[in-house]
Amino acid sequence: MRLPFAWMVCLRYLREGRMQTLLILAGVTAGVAVIIFLTTLISQLQASIIDKTLGSQAHIVMKPPRAVNLPSLPGSSTAAIVQPRAQRLRSIDQWEAVARLAAQTRGVQAVSPILSGAGFAARAEANQPIALLGVDPQAYQRIVRMDKYLTLGRFDVSGANTVIGVELAKDLGVALGDKIRVITMEGRNDLLTIAGIFDIGNRDLNRRWVYSSIKMAQSLLDLPGGITEIDLRVTDLFQAERTALELQAQTGLTVDSWMQTNAQLLTALKSQSMSNNLIRFFVVLIVAVGIASVLVVSVVQKQKEIGILRAMGATPRRVMSVFLLQGGFYGLLGSALGSGLSLALLNFFSSFSRNADGTLLISPDLEPSVVAWACALALVVGLLAAALPARRAASMDPVQAIRA
Amino acid sequence: MTLSDEYWFKTSRCMSAIVELQGIRKSYGLGTPVVTEVLHGIDLTIANGEFAALTGPSGSGKSTLLNIIGLLEAPTSGRLSVDGQDTAGMVDATRTALRGRSIGFIFQFHHLLPGFSALENVMMPSIIDLGWSSAKAQETAMQLLEQVGLKDAAHKRPSELSGGMQQRVAIARALSLSPRLILADEPTGNLDTHSADEIFELLQSVNRERQSACLIVTHDPRLAARCQRQIRIVDGQLI
């Protein structure tokens, strides 16, 4: 029994007020469990939503600037009907230099030049409107993980190979290895062999997207050497807009981030995070008030004993540490128990909540950083909540305290 | 330092007094319209190993004087030296340390810590002093309990002991750091005559064996008569 004075008295007080200790521990445990569980749940759900929505999209898309009318006279001095310019398919000027610049920009993970245009896919009497995408398969796979979406074959667009969606395959009645004719508005056409069939979870895209090599697309869309957009992937999803603005300022191109094109998703994610923060804030507040009130009552109850300890030579600092330790103890033990409880909750919920395709909606894995963060928070909150009662105990006049 | 101050300092050393009070005054309610002076200039010396009773009617300032000697309260004016150390201008931590090492308290209502066993209560001053509990402190505490006749009750909680036994534990606790001064505030106040006699005799034997000076506040003239010296205080003045 070689415990320091403050620890010895603290533990004895905790044992003496068993009921109080258990109740407040239960409170802290529940609080920590709620915080860890909710944070894990929301971050997993957000990751899953982001993955589903943005998995088949680039985070940032760079396109040529829109063509506009440039009047030679000031607008007010001429009476004319100005028609907006039609946007014809144009290549990004000096796109290789732009792609290199984008690749060197901070926060950019992958760069993929793409040539896209409209056309038709035809087989016998059947034809369907399509969006032809000429891609460099290796660069493109770093933006969109096509291997994840492929249901048949490989993502092989070399030579005259093509990869199409399941809906288009169904509509045209084609299978792996069959040939389809792709016709563009430029009056060109070619016969492509189906090397792979994908399903990216969106019926419309499964019907419209047809992949080919960049060379094939350049020839079909009559845009030799050109590409129409550069797709980027960034490391920090929520910094995409800033990177986009930076690139726009540097290149003068039209640069859109997912945050603009999916503004609603962004709002949903943000309000979800905000409600999570709000819940966390109130849980922390309730836990802090709970610990503080238990300790305030304890200080009043122990007034006489504090006076005796002071009379026997205990300094105010020692008395203070007895109560600070109690607060820290509640926080630390509560967070350990709370982490366990949240793991149990996650296991319980993940056992029956599943996605439409049968995969787990929540995985019962705790993020170590979240647990560490919650435990540190509980410890700090415990100490802070104990600070006020502890100061009160320390500043007590021993004579008054003993007489009380 | 004035001449009289110097004289006072010299005498306090020469006489080997454990406590030396000079012109001690204590007022309450300073800074408010109603200022009450409880002690009106007390001069008192208690020699090493002295066994003295402090008597007086209720409200005469006995407890206040005891608290000032015990460094629990600071005097409003006057000089106080305890164990050869002048206490004027001492910071709280030094004052607390001096109190812990040199003075043992015995209160009227024993004031044991209810959550700790008799043995732990007796060890507490040493735990506070060292910051840790040590095997040596436990040994000393056990010997003290044996001396007050409570060896078998060492692991009982205060609530399991009788009033007389509780007071004996409190005495053992007061002795645990072998203080040179024991201050007892009506130690027999709430005990029957038989237990009161026992406690008094225990204090006497402690005084004889350990040469600790004892200052005992008591209402009981029978016990006061058995002390070497009687100090009587009335209306905040010694008579």
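Q: Before we get to helix pairs, how are axes and angles defined here?
A: Axes are lines fitted to C-alpha atoms, for helices over the stretch in contact. Angles run from 0 to 180 degrees between N-to-C directions. Keep in mind that this is a predicted model.

Q: Good. At what angle do H6(B) and H7(B) pack?
A: About 15°, with the axes 10 Å apart. Helix H7 of chain B covers residues 193-210.

Q: Parallel or antiparallel?
A: Roughly parallel, because the angle is under 35 degrees. The crossing of H6(B) and H7(B) is right-handed.

Q: Which residues make that contact?
A: From H6(B), Gly163(B), Gly164(B), Gln167(B), Arg168(B) and Ile171(B). H7(B) brings Ser195(B), Glu198(B), Ile199(B), Leu202(B) and Leu203(B). By class, that gives four nonpolar, four polar and two charged residues.

Q: H6(B) also packs on H4(B). How do those axes cross?
A: They cross at roughly 30° and come within 7 Å. H4 of chain B spans residues 118-130, and H6 of chain B spans 163-174. This pair is roughly parallel, because its angle is under 35 degrees.

Q: Is the crossing left-handed or right-handed?
A: Right-handed.

Q: And which side chains are in the contact?
A: H4(B) supplies Ala118(B), Asn121(B), Val122(B), Met124(B) and Pro125(B). H6(B) supplies Val169(B), Ala172(B) and Arg173(B). The contact has six nonpolar, one polar and one charged residues.

Q: Over to chain A. How do H13(A) and H14(A) meet?
A: Helix H13 (residues 316-350) and helix H14 (residues 368-394) of chain A cross at roughly 155°. Their axes come within 7 Å. The pair is roughly antiparallel, because the angle is over 145 degrees.

Q: What about handedness and residue classes there?
A: The crossing of H13(A) and H14(A) is right-handed. Its contact residues divide into 21 nonpolar, eight polar and two charged.

Q: Now the core. Which residues touch the most other members of the largest nonpolar core?
A: Ile291(A), Phe323(A), Ala393(A), Val122(B), Leu145(B), Leu183(B) and Ile216(B). That core holds 114 residues.

Q: What does Ala393(A) touch?
A: Leaving aside neighbours within four places in sequence, Ala393(A) is in contact with Val299(A), Ile306(A), Val319(A), Met320(A) and Phe323(A).

Q: Which residues are in the other core?
A: Among them are Ile180(A), Phe198(A), Leu220(A) and Leu221(A). It has 57 residues and lies apart from the largest one.

Q: How many residues does each chain put into the A-B contact?
A: Chain A gives 22 residues and chain B gives 24. On the chain A side, helix H1 (5-16), helix H12 (303-311) and helix H15 (398-403) each supply at least two.

Q: What classes are on that side of chain A?
A: 15 nonpolar, two polar and five charged residues.

Q: Back to chain B. Which residues of H3(B) are buried?
A: Thr96(B), Arg99(B), Gly100(B) and Ser102(B). The helix runs over residues 92-102.

Q: What covers them?
A: The cover includes strand E4 (77-82), strand E6 (103-106), H4 and strand E7 (181-185) of chain B.

Q: Ile103(B) is in E6. Buried or exposed?
A: Ile103(B) is buried, because 28 other C-beta atoms lie within 10 Å and the cut-off is 20 or more.

Q: What does Ile103(B) touch?
A: Gly70(B), Leu71(B), Pro179(B), Leu181(B) and Leu183(B), not counting residues up to four places away in sequence. Leu183(B) is also one of the residues that touch the most other members of the largest nonpolar core.

Q: Last one. Where does Glu146(B) sit?
A: In helix H5 (residues 135-147) of chain B. Glu146(B) is partly exposed, with 13 other C-beta atoms within 10 Å.

Methods: Residues are numbered from 1 along each chain as its sequence is written. Chains are lettered from A and ligands numbered from 1 in the order in which they are written. This is a predicted model: local features need pLDDT of at least 70, side-chain atom pairs count only at pLDDT 80 or more; totals for chains, interfaces and linings use all residues. Two residues are in contact if their C-beta atoms, placed from the backbone, lie within 7 Å. Helices (H or I, at least four residues) and strands (E, at least two) are DSSP runs, numbered from the N terminus. Ala, Val, Leu, Ile, Met, Phe, Trp, Tyr, Cys and Pro count as nonpolar, Asp, Glu, Lys and Arg as charged, and the others, Gly among them, as polar. Angles under 35 degrees count as roughly parallel, over 145 as roughly antiparallel, 65 to 115 as roughly perpendicular and the rest as oblique. A crossing is left-handed if the near helix is turned anticlockwise from the far one by less than a right angle, and right-handed if clockwise. A nonpolar core is a set of buried Ala, Val, Leu, Ile, Met, Phe, Trp, Tyr and Cys residues joined through C-beta atoms within 7 Å. A residue is buried if 20 or more other C-beta atoms lie within 10 Å of its own, exposed if 12 or fewer, and partly exposed in between; C-beta atoms are placed from the backbone.
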